[in-house]
Amino acid sequence: MALKRKSKQFKWHRKHLLGLRELSAEEITYILDTAEGFQQISTRSVKKAPPLRGRVVVNLFFEDSTRTRNSFALAASRLSADVIEFTKKASSVSKGETLLDTAKNLEAMGIDIVVVRHNAGGASRFLSRSINACVINAGDGFCEHPTQALLDVYTIRKLKGTLKGLKIAIVGDIAHSRVARSDMWAMTKLGAEVIFVGPPTLMPGQVEQLPVTVSYSLDEVIEKVDVINMLRIQFERLGGNPFPSVREYSHYFGLTVERMKKAKPDILVMHPGPINRGLEMESEVADGSNSVILEQVKNGLAVRMAVLFLVNQAAAQKG
Ligand code: NCD
């Protein structure tokens with residue numbers, strides 16, 4: 001009897017969320033189901049719940065961000081946590097303090113959860129091994145951006161019912177995109193087929209070892225897919241010139257009104273933001289009826305509430 005219950009009842013045990021590669025489909029689904037519960041709070045007149053009352057969440061952002069940082073701050077405050085905002089420019093980091101020093105100092109103030117964004121891959125993992133607080137990765141280098149991918153799959157599941165059997169194109173600057181990597185893990189684990197689309201110069205090294213197919217032609221792929229996720233060209237991370245000109249890139253890989261005519265009528269158009277309008281996507285498409293970009297932002301809040309809630313619960317259980 002006890003055994004039976006144990007196998008049926010899933011128990012979340014992670015006090016850190018560092019990436020989706022290491023998560024099972026069951027764990028990802030559990031986060032999405034938890035987020036569904038939190039979505040309702042946003043529709044109430046009093047948009048607060050108490051689970052993180054008395055907890056301190058630090059937004060530790062070493063890279064610029066508006067969407068993700070604000071979304072985490074709002075998610076934490078909706079769960080009644082106290083939130084400390086830390087940005088590189090307004091801190092001792094500009095005086096040379098290291099990631100670890102900064103985190104140790106914040107920890108000495110009694111923080112419980114660190115939400116960290118850093119340009120170095122592995123920064124959040126390093127932090128999770130060095131401090132006692134829960135660590136949530138809000139984007140590390142080119143590696144992972146788990147909550148973005150969770151909100152992407154949440155949005156798809158909500159609008160399409162399931163990810164099983166869907167064909168999803170992720171288009172553009174895959175090489176420099178942590179979103180593409182986290183999306184790939186989440187989407188394939190939930191049963192979708194992922195196609196990376198872009199010029200060869202923007203494909204990651206050893207792409208053949210990843211659970212995706214690759215295409216260098218958006219025109220060949222557009223008519224087949226149920227979802228298309230357009231990535232921003234990460235100009236700040238480009239080493240050389242991966243394409244001859246921005247115009248040429250747009251011509252082959254931009255999501256234009258013309259190209260959309262070939263797409264399935266119910267295709268979901270996604271973008272993690274911020275959009276370079278007119279480059280990876282025309283404004284008419286970004287604001288068009290297939291676009292779910294603002295829905296993604298809305299769902300991000302519920303997903304981040306779920307993640308904050310679950311890591312806190314796991315930490316409390318571990319004592
Ligand atoms: C993404 C990021 O920072 O990795 N944006 C985001 O989280 N809203 C994608 C991007 O910057 O293009």
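**Reading the ligand site**

Tutor: Start with a polar contact, a pair of N or O atoms within 3.5 Å. Here an N or O atom in the side chain of Arg232 is 2.7 Å from an oxygen atom of the ligand. His145 places a polar side-chain atom 2.6 Å from a ligand oxygen atom. For Arg117 the distance from a polar side-chain atom to a ligand oxygen atom is 3.1 Å.

Student: How much of the ligand does the protein bury?

Tutor: Accessible area comes from the Shrake-Rupley method with a 1.4 Å probe. Alone, the ligand exposes 310 Å², and the protein buries 95% of that.

Student: What should I know about the model itself?

Tutor: It is predicted; local features need pLDDT of at least 70, side-chain atom pairs count only at pLDDT 80 or more, and totals for chains, interfaces and linings use all residues. Residues are numbered from 1 along each chain as its sequence is written, and side-chain values use heavy atoms, with hydrogens and water left out.

Student: Which residues are around the ligand?

Tutor: Count a residue if one of its heavy atoms lies within 4 Å. The residues are Arg67, Thr68, Arg117, His145, Arg178, Val179, Arg232, Gln234, Pro272 and Gly273. By class, two are nonpolar, four polar and four charged. In this scheme Asp, Glu, Lys and Arg are charged, Ala, Val, Leu, Ile, Met, Phe, Trp, Tyr, Cys and Pro are nonpolar, and the others, Gly among them, are polar.

Student: Which helices and domains supply the shell?

Tutor: Helices are DSSP runs (H or I, at least four residues), as are strands (E, at least two), numbered from the N terminus. Helix 3 (67–78) and helix 7 (178–189) each give at least two shell residues. Domain bounds come from an automatic or database assignment. Domain 1 (25–144 + 300–318) and domain 2 (146–297) each provide at least three.

Student: Where is the cis peptide bond?

Tutor: Look at omega. The bond joining Gly273 and Pro274 is cis, with omega about -5°. Pro274 is in the loop between strand 9 (268–270) and helix 11 (283–286).

Definitions and conventions. A polar contact is a pair of N or O atoms within 3.5 Å; within protein, one must be able to donate a hydrogen and the other to accept it, and residues adjacent in sequence count only if both atoms are side-chain atoms.
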